[in-house]
Amino acid sequence: MKRFILPCLVIILFAACNSGDDSEYVDNSIIPPSSGIPAPANIAYTIIAQHPHDTGAYTQGLELHNGKMYEATGDYENSSIRVTDHTTGKVLQKHIMGDNKIFGEGITILNNKIYQLTWQSNLVYVYDVADINKPIKTFTWPYEGWGITNNGQDLYISDGSSNIYIVNPEDFKVKSTIGVVTNKGPLDNINELELIEGFIYANIYTTDTIVKIDPESGHVVGIMDFKYLLPLTERSGRTDYFNGIAYDTASKTIFVTGKRWPKLYELKLN
């Protein structure tokens, strides 16, 4: 029996040496923290109409107001703000506001004023909605200008990061900041914005996706895939990224397009 004692002692000692907390041997820095945020749900939609769109428009912002489509375009000297008949694609009015230093970005309409961002010049132009030919006011903005929308009281502005700033439209001071996150962490490249039924819908730059953001928490609660929206046969060498969201509160339809796209698509959520 003695010959079994030594091996048993060895086994017991080994077990005893390893009976402690193993956490000291784990490198916690390589383990991603649990966000506790559910993965965004896929949002289904149906395309109900296709409308012509000016392929010269480097679309930065869309806004449907009183039956007319207001569109902001970029590309320096070609930057503009325009009014179009979205059903025919006809440009009714156009104001060229860009030069070799001014690159137009997103727009929103609040209290009969159009707020238009610029990319890196830290300027915001304000127009009377009835006259887009000349700004009535300008503001300075400390960040890059990307997308903009409003909730009827405050402005929401993106700057290409994972932040959306809530801004006072009277003095352009930041009131608070929304940090946009998914279950995988902060979401960058937030571009064109549109507030729809209490949620912020946002293009993610260089992608064919729109995300649905809860403005209270900053959580991305839904995602829409537009990868196959514009057929390859309808693209040219000038066709650029998917961008532009407008909402018709009367019909509950959403309009989307892209930079220099030949079409404006109208859809309904399923």
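Predicted model: local features only at pLDDT ≥ 70, side-chain atom pairs only at ≥ 80, totals over all residues.
Local features need pLDDT of at least 70 and side-chain atom pairs pLDDT 80 or more, while totals for chains, interfaces and linings use all residues. Residues are numbered from 1 along each chain as its sequence is written, and side-chain values use heavy atoms, without hydrogens and water.

Start with the open sheet of 4 strands, in the order S3-S4-S5-S6, with antiparallel pairing. Strands (E) are DSSP runs of at least two residues, numbered from the N terminus, and two of them pair if DSSP finds at least two bridges between them. S3 and strand S6 (90-96) stand at the edges; each has a single partner strand, so one side of each is left without a neighbour in the sheet.

Next, select S5 and S6, which pair over 6 bridges. Asp85 has Lys90 in S6 as its bridge partner.

Now select Ser79, in the loop between strand S4 (68-73) and strand S5 (80-85). Is Ser79 buried or exposed? Ser79 is buried, because its relative accessible area is 0% (buried means under 20%, exposed over 50%, partly exposed in between, with a 1.4 Å probe and protein chains only). Ser79 touches residues including His95, Ile96 and Phe103 (contact means heavy atoms within 4.5 Å).

Finally, select Glu63, Leu64, Glu194, Tyr247 and Thr249, which lie nearest the centre of the largest pocket among its 18 lining residues. Strand S3 (59-65) and strand S17 (190-196) are among the elements that give two or more residues to this lining. A pocket here is an open set of points on a 1 Å grid over the protein atoms alone where a 1.4 Å probe fits, with protein on both sides within 12 Å along at least five of seven lines; lining residues have an atom within 4 Å of a point.

Technical notes. Lists of a residue's contacts leave out its neighbours within four places in sequence.
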